[in-house]
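Here are my notes on the model you sent over, as numbered points. Have the structure open while you go through them.

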Amino acid sequence: MFCVRHIDGKRGYNGSSRAVLGGFLAVLLMVCFTAGAHTLPISYLRLVADREYLHLELIFNPFELTFVSEVDDDKDGELSVGEIKKHGERIATRISRSLRILMAGKVVTPENAGMDPDMSGHHVRLRVHYKVDAREAPIALISEMQSITSASHLTQVSFSNGRLVQLGQMDSRSVKVAFNNPAPRETKAEATARSRDAQTHE
């Protein structure tokens, strides 16, 4: 249904390696963003958890919105600073309502949401803040953006809790990604079978 990759700072990476890896990811994201900026229907969603908040940032092409004609006053396929100031609350509300955050299985209500006035044009940025400590809790993101975007639209997702970064992707068929999920516990039968297999190979 979705793909999630883990980049864990505790598994063989020292400080400099993590810095290099972080830089590589940033460059990779920028390359993807630049290459697909005008051709691919891709949004980039970041979730960043700290002690007090879970921050959501979504960078997207407004032309992908089904209601763009209602907010693109000059019909140029972009959102100007003036259009964002005029329609920002409406855009932020509609998009944030299409993104549901669940922490430990319970829906989290955003404290606030708004459009970033410093980013306009072909791509714009939505920011949403949730008053929760999601650094270690199981987090799920469920998207209903397929109801307000084109069928070919996809969203690349990253989640960071300050210790590790996890990546995922959503589209019209895969509408959910999950992070911070603990590994399933080994059952007694599985432990017995593993022990017997180990003894067999001794």
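This is a predicted model: local features need pLDDT of at least 70, side-chain atom pairs count only at pLDDT 80 or more; totals for chains, interfaces and linings use all residues.

1. The space inside the largest cavity comes to about 80 Å³. Its lining is made up of S143, M145, Q146, T149, S150, H153, T155, M170, D171 and S172.

2. S43 sits in strand β2, which covers residues 42-49. Is S43 buried or exposed? With 1% relative accessibility, S43 is buried, because the cut-off for that is under 20%.

3. Staying with S43, have a look at its side chain, which makes a polar contact of 2.6 Å with the side chain of H153. S43 and R125 are 82 residues apart along the sequence, yet their C-alpha atoms are 9.8 Å apart in space.

4. Now another serine, S96, which belongs to helix α2 (residues 81-97). S96 has a relative accessible area of 13%, so it counts as buried under the 20% cut-off. Where does its side chain go? The side chain of S96 reaches the backbone oxygen of A92 at 2.7 Å, and a polar atom of that side chain also lies 3.2 Å from the backbone oxygen of T93. Beyond four places in sequence, S96 touches A113, L126 and V128.

5. Next, the sheet. Which order do the strands of the four-stranded open sheet take? Reading across, the order is β5-β4-β8-β11, with antiparallel pairing. β5 (106-108) and β11 (176-179) are the edge strands, each with a single partner, so one side of each has no neighbour in the sheet. From one strand to the next, the twist averages 30 degrees. In general, strands of a sheet pair through backbone hydrogen bonds, either parallel or antiparallel.

6. How many bridges join β4 to β5? Three bridges do, with β4 (residues 99-103) and β5 running antiparallel.

Notes
Residues are numbered from 1 along each chain as its sequence is written. Side-chain values use heavy atoms; hydrogens and water are left out. Two strands pair if DSSP finds at least two bridges between them. Helices (H or I, at least four residues) and strands (E, at least two) are DSSP runs, numbered from the N terminus. Axes are lines fitted to C-alpha atoms, for helices over the stretch in contact, and angles run from 0 to 180 degrees between N-to-C directions. Buried means under 20% relative accessible area, exposed over 50%, partly exposed in between (1.4 Å probe, protein chains only). A polar contact is a pair of N or O atoms within 3.5 Å; within protein, one must be able to donate a hydrogen and the other to accept it, and residues adjacent in sequence count only if both atoms are side-chain atoms. Contact means heavy atoms within 4.5 Å. On a 1 Å grid over the protein atoms alone, a cavity is a set of points where a 1.4 Å probe fits but cannot get out, and a pocket is an open set with protein on both sides within 12 Å along at least five of seven lines; lining residues have an atom within 4 Å of a point. Grid points are joined across faces, edges and corners, and a volume is the space filled by probe spheres set on the points.
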